[in-house]
Amino acid sequence: MSETADLILTGGSVLTMDDAFTVTQAVAVTADRVVAVGTDAEIAALAGPGTRVIDLAGRTVLPGINDSHLHAAAWALTRPPFALDVGHPTVRSIHDVTQAVREAAARTPRGEWITGLGWDVGYLAECLADQTRRPHRGDLDAAAPEHPVCLTDFSGHMVWVNSAALERAGIDRDTEPPSGGVIETDGAGEPTGILKETAQTLVQRLVPPATVAQRKVAIRSAVAALHAEGITSFTEPGLGPGGAEILGGGLDTGTLHAYVELARAGQLASRVRVLLLPAPMGGSAADVTAGLRGLALPRDVDERRLAAIGVKVFADGVPPNETAWMHEPYPGGGHGALCVHGADAGLQQAELAEMIRVAHTAGYQLGVHVTGDRAIDAVVDAFVAAQRAHPRPDARHYVIHGDFASPGSLAKLAAHGYGINMNPAIKWTIADLMDEVVGRERSDYQWPVRSAAEVGIAVCVGSDAPITMPNWRQGVAAMLLRESKATGRVSGPDQRVSLETALRAYTVNPARQDFAEEWKGTVEPGKVADLCVVGGDLRATDPHDIVDLPIDLTVFDGDIVFARESADR
């Protein structure tokens, strides 16, 4: 070790995340690479007159965090100033939501759209007090009678709109929802203003999309906010024509163009992997084929900053909406359904398999949004069938969310080197609600991280922002504790995992998902100098307190891109 370092972090706990989970005291960086890890004395020998030395004072160093499922552009576009924040704890009641809409209406020209994100019936006071109470278009009509309003719920699978929005969309008591969608109606058969799954697009497609320039501002804002969370890599799960009507168009090709322009200009200070979204929810194999034409990124973009390596497909909905396709019925009846083209379940399953085959044969990694156990079984079987028909050496397809992945499907994923990408922070948020939706036994099992890890799957975890905030410490705590946000009750204690397993889900495992484990994901010599410094001894911290540990320092490509005030001593 004779090379002089540009930056040395010393006197802490460096969790290398290598195969042996080696813990060292110090790390040295030269230019954009880690050049050495070791004891304080060993690394001190690499200091020269120009070396910046930071005393960690017992703090923890990790590889730069990789949020492997994060809609960064949409997250920024669905936050102020682009849209209203109507999530908990910003709002705690329907009254709070309507007040926020009323204030927005006062400053918005008449007839222009008001949009927002984040409402959740599990945290609205009126719904908690009366189990039959639900958000209604009338609530929004009173607040904004002269503006169309579209508020997306926390899951991104349901919208709450007012009468003006319904009128613009031409939705009335006689409107038939698109395949896979639900237009909720009241006892008199009139629309309530709640639209689920594909029915959302009837309104969302009318909301004017952000410009590419606005998206570039949003992405840069998101990246800066992610640096403050220690996040240096993320996956944008679904950009392309299939996202034109999702989250205000935040997932369409305009966002892809914005990323390309930023990368070309050297203004993308993160490592972004993109899943292309060629087909909308409710789409077909023909949509996938057509949508992939011309979606490849240009060759002049640095692949370590921006790369499109996969294709996203929607298989079913989400459990809170009872639209996840399940083997056993929901307590209130119904099994959910696939949300792909087809007149019945058999045709839909065949169409889903063909969508997967098309993307697999085209050479893409597949990430499939799928939550119900029956739907997951269908997706995993389709992965295996596509591989059998068109062998590829290392496809690394994966299940996105995988809420109720059965032991059989987990075993098949492991046997074929496929993955699963879960969202334990959502588990923390909705555990109590899910007891009512699917029953206690299934709710306890939801997001079986330990079962997946034990069969050999390299489990990845993402925030799914804007569904939850990109605070990876919350995800770690959720995996360690399995406690609910609302009551603190433990949900599925047998699915708790170790700190090491949880941290791998945010570092080395996502690097593998990205086909990038040779150059990122661990703190080892030769790897890129992407580092996250946590303000405390992570291994000694009570799991309940992990979420409150500050991010003191973030290093990207060897440069300090975030430093908490007085934390870079």
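This is a predicted model: local features need pLDDT of at least 70, side-chain atom pairs count only at pLDDT 80 or more; totals for chains, interfaces and linings use all residues.

Trainee: How should I read a pair of aromatic rings?

Mentor: Such a pair is described by the distance of the centres and the angle of the planes. This structure holds four aromatic pairs. One of them joins F234 and Y259: the centres are 6.5 Å apart, the planes make an angle of 55°, and the pair is tilted. F234 lies in strand β15 and Y259 in helix α9 (residues 253–264), so the pair ties together parts that are 25 residues apart in sequence.

Trainee: Is F234 buried or exposed?

Mentor: F234 counts as buried because its relative accessibility is 0%. Y259 likewise counts as buried, at 0% relative accessibility.

Trainee: Where is a charge placed over a ring?

Mentor: The charged end of K485 sits over the ring of Y123, 4.8 Å from the ring centre.

Trainee: What should I look for when I examine a nonpolar core?

Mentor: In soluble globular proteins, nonpolar side chains tend to be buried together. Here the largest nonpolar core has 103 residues, and Y259, L306 and W472 are those with the most contacts inside it. Helix α12 (residues 373–389) gives the most to this core, with eight residues. Apart from it lies another core, of 21 residues, including V86, V91, L124 and I194.

Trainee: Which residues does W472 touch?

Mentor: Leaving aside residues up to four places away in sequence, W472 touches L62, I65, E229, I231, L503, Y506, C532, V534 and I551. Two of these names, L62 and C532, return in a strand pairing: L62 stands opposite C532 in β22. There, β7 and strand β22 (residues 531–534) pair in the antiparallel sense over four bridges. Strand β7 (residues 60–63) also pairs with strand β2 (residues 13–15), in the parallel sense and over two bridges. In that pairing, V14 has V61 as its bridge partner in β7.

Trainee: What is the span of α12, and what does the helix pack against?

Mentor: α12 has 17 residues and reaches 24 Å from its first C-alpha to its last, close to the 24 Å expected at 1.5 Å a residue. Its buried residues include I376, V380, F383 and V384, and also D373 and Q387. The buried residues of α12 pack against α11 (345–361), β18 (365–370), β19 (398–401) and α13 (407–415).

Trainee: How do I read the two faces of a strand?

Mentor: In a regular strand the side chains alternate between the two faces of the sheet. In β11, V149, L151 and D153 point one way, C150 and T152 the other way, and all are buried. Five of the five residues of strand β11 (residues 149–153) are buried, so this strand is largely enclosed by the rest of the structure.

Trainee: Which strands pair with β11?

Mentor: Strand β10 (residues 114–119) pairs with β11 in the parallel sense over five bridges, and W119 has D153 as its bridge partner. Strand β12 (residues 158–161) pairs with β11 in the antiparallel sense over three bridges, with T152 opposite V159. The hairpin of β11 and β12 has four residues between the strands, and G156 takes a positive phi near 80°.

Trainee: Where does N321 lie, and is N321 buried or exposed?

Mentor: N321 lies in the loop between β17 (306–314) and α11. Its relative accessible area is 6%, under the 20% limit, so N321 is buried. Among the residues that N321 touches are S155 and H157.

Trainee: What contrasting loop residue might I examine?

Mentor: Consider P493, in the loop between α17 (472–481) and α18 (499–504). P493 is partly exposed, with a relative accessible area of 43%. The C-alpha atoms of P493 and M479 are separated by 9.6 Å, and the two residues are 14 residues apart along the chain.

Terms used. Residues are numbered from 1 along each chain as its sequence is written. Side-chain values use heavy atoms; hydrogens and water are left out. A nonpolar core is a set of buried Ala, Val, Leu, Ile, Met, Phe, Trp, Tyr and Cys residues joined through side-chain atoms within 4.5 Å. Buried means under 20% relative accessible area, exposed over 50%, partly exposed in between (1.4 Å probe, protein chains only). Contact means heavy atoms within 4.5 Å. The expected span of a helix is 1.5 Å times one less than its number of residues. Rings of Phe, Tyr and Trp (its six-membered ring) pair if their centres lie within 6.5 Å; planes under 30 degrees apart count as stacked, over 60 as edge-to-face and the rest as tilted. A charge sits over a ring if NZ of Lys or CZ of Arg is within 6 Å of the ring centre and within 35 degrees of the ring normal. Two strands pair if DSSP finds at least two bridges between them.
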